[in-house]
Amino acid sequence: MKAKLTERLKKGEIIISDGALGTLLQAAGLEPGVCPELWNLDFPERIEAIARAYVEAGSQAVETNTFGANRFKLSHYGLQDKVVELNSKAVEITRRAIGPNRVVLGSVGPTGVLLMMGEVSEDELYEAFKEQCVALANAGADAICIETMTAIDEATIAVKAAKENTGLEVICTMTFDKTIQGDFRTMMGVSPEDMTIALKEAGADIIGTNCGNGMENMIPIVEAIHRTLPEMPILVHANAGKPHYHDGKNIFDETPEITASYVPELIKAGATCIGGCCGTTPDHIRKIKEKIIDNN
Ligand SMILES: [Zn+2]
């Protein structure tokens, strides 16, 4: 039996996860308007190649290509009846790429429908997350990684659906922006402290933050989580710096060296799992790994 993530982290291990998937899919030819998860069926070798590149760079945990594979997001493409197939196939691909001993993280993103706007009921949200998480678990994912959340009600429902219906450890991360006052809030107004309390209460095993910021801004967010719950393992997936807008696109182009330079401070603040989000590449993961080794 593979050791659980939380057991490894409790022993002081720093776990390196992977970097961006979405921006690499675009680089591999994913056109706007195409469902990214459909590539699990149409181009599995491209997804597998990205996962392999992350393993070669040093990732010990790799996410599945299932960020939008819930029935609400898939319905934009008429694929709402393919939740089980797309999630199962994704786990298969990642497992084949990374082998039995590394960790397959089943990625679960937001549904895009808002409880507070009355677009959906709590039960409907719960059932959608349950459907996806059970599919990921049945296919052999090692943990569920709920990410890029901004609404606390949706995040806690997702955590509960994962905890109550799979035997897996559950990670949940939210996306924060820096306010003009200099503190951090999600788009829906949630502070890192409020997130930490609510997600712990919902049953999350690992809490953290992804996207929205480069490594530098992740440090105060991690400090806030760590202050609120010192025992909680913390995962950080930072973007390759702040985006700048060019040619109709957001460009993330912080170099691997700069991204990695914040790693010692991030670990000092309390981060225990470190990887990347938008714009990061296998080279960012390689440099992060070198920094972690130097830091020990
Ligand atoms: Zn991102």
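Analyst: Start with contact: two residues are in contact if their C-beta atoms, placed from the backbone, lie within 7 Å. Leaving aside neighbours within four places in sequence, Cys-172 is in contact with Ile-146, Met-149, Ala-155, Ala-158, Val-159, Leu-199, Ala-204 and Ile-207. This is a predicted model, in which local features need pLDDT of at least 70 and side-chain atom pairs count only at pLDDT 80 or more, while totals for chains, interfaces and linings use all residues. Residues are numbered from 1 along each chain as its sequence is written.

User: Which residues have the most contacts inside the largest nonpolar core?

Analyst: A residue is buried if 20 or more other C-beta atoms lie within 10 Å of its own, exposed if 12 or fewer, and partly exposed in between. A nonpolar core is a set of buried Ala, Val, Leu, Ile, Met, Phe, Trp, Tyr and Cys residues joined through C-beta atoms within 7 Å. Here the largest such core has 92 residues, and Ile-144, Ile-146 and Cys-172 have the most contacts inside it. Over the protein chain, buried residues make up 54% of the 296 residues.

User: How many helices and strands does the protein chain have?

Analyst: Helices (H or I, at least four residues) and strands (E, at least two) are DSSP runs, numbered from the N terminus. The protein chain has 13 helices and 12 strands. The radius of gyration, taken over C-alpha atoms, is compared with a globule rule of 2.2 Å times the number of residues to the power 0.38. The value for the protein chain is 17 Å, close to the 19 Å that the rule gives for 296 residues, so the chain is as compact as a globular protein of that length.

User: What is the strand order in the open sheet?

Analyst: Two strands pair if DSSP finds at least two bridges between them. The open sheet has eight strands with parallel pairing, in the order β1-β12-β9-β8-β5-β4-β3-β2. β1 (15-16) and β2 (61-63) stand at the edges with a single partner strand each, so one side of each lacks a neighbour in the sheet.

User: Where do the side chains of β5 point, and are they buried or exposed?

Analyst: In a regular strand the side chains alternate between the two faces of the sheet. From β5, Glu-169, Ile-171 and Thr-173 point one way and Val-170, Cys-172 and Met-174 the other, and all are buried. Strand β5 (residues 169-174) is largely enclosed by the rest of the structure, because six of its six residues are buried.

User: Which residues stand opposite each other between β5 and its partners?

Analyst: Strand β4 (residues 143-149) pairs with β5 in the parallel sense over five bridges, and Ile-146 stands opposite Cys-172. On β8 (residues 206-214), which is parallel to β5 and joined to it by four bridges, Thr-209 stands opposite Met-174 and Ile-206 is the bridge partner of Ile-171.

User: Is Thr-272 buried or exposed?

Analyst: Thr-272, in strand β12 (residues 271-276), counts as buried because it has 24 C-beta neighbours inside 10 Å. Not counting residues up to four places away in sequence, Thr-272 touches Leu-9, Ile-14, Ile-15, Pro-233 and Ile-234. Two bridges join β12 to β1, with the strands parallel, and Ile-274 of β12 stands opposite Ile-16. Strand β9 (residues 234-239) and β12 pair in the parallel sense over five bridges, where Val-236 has Ile-274 as bridge partner.
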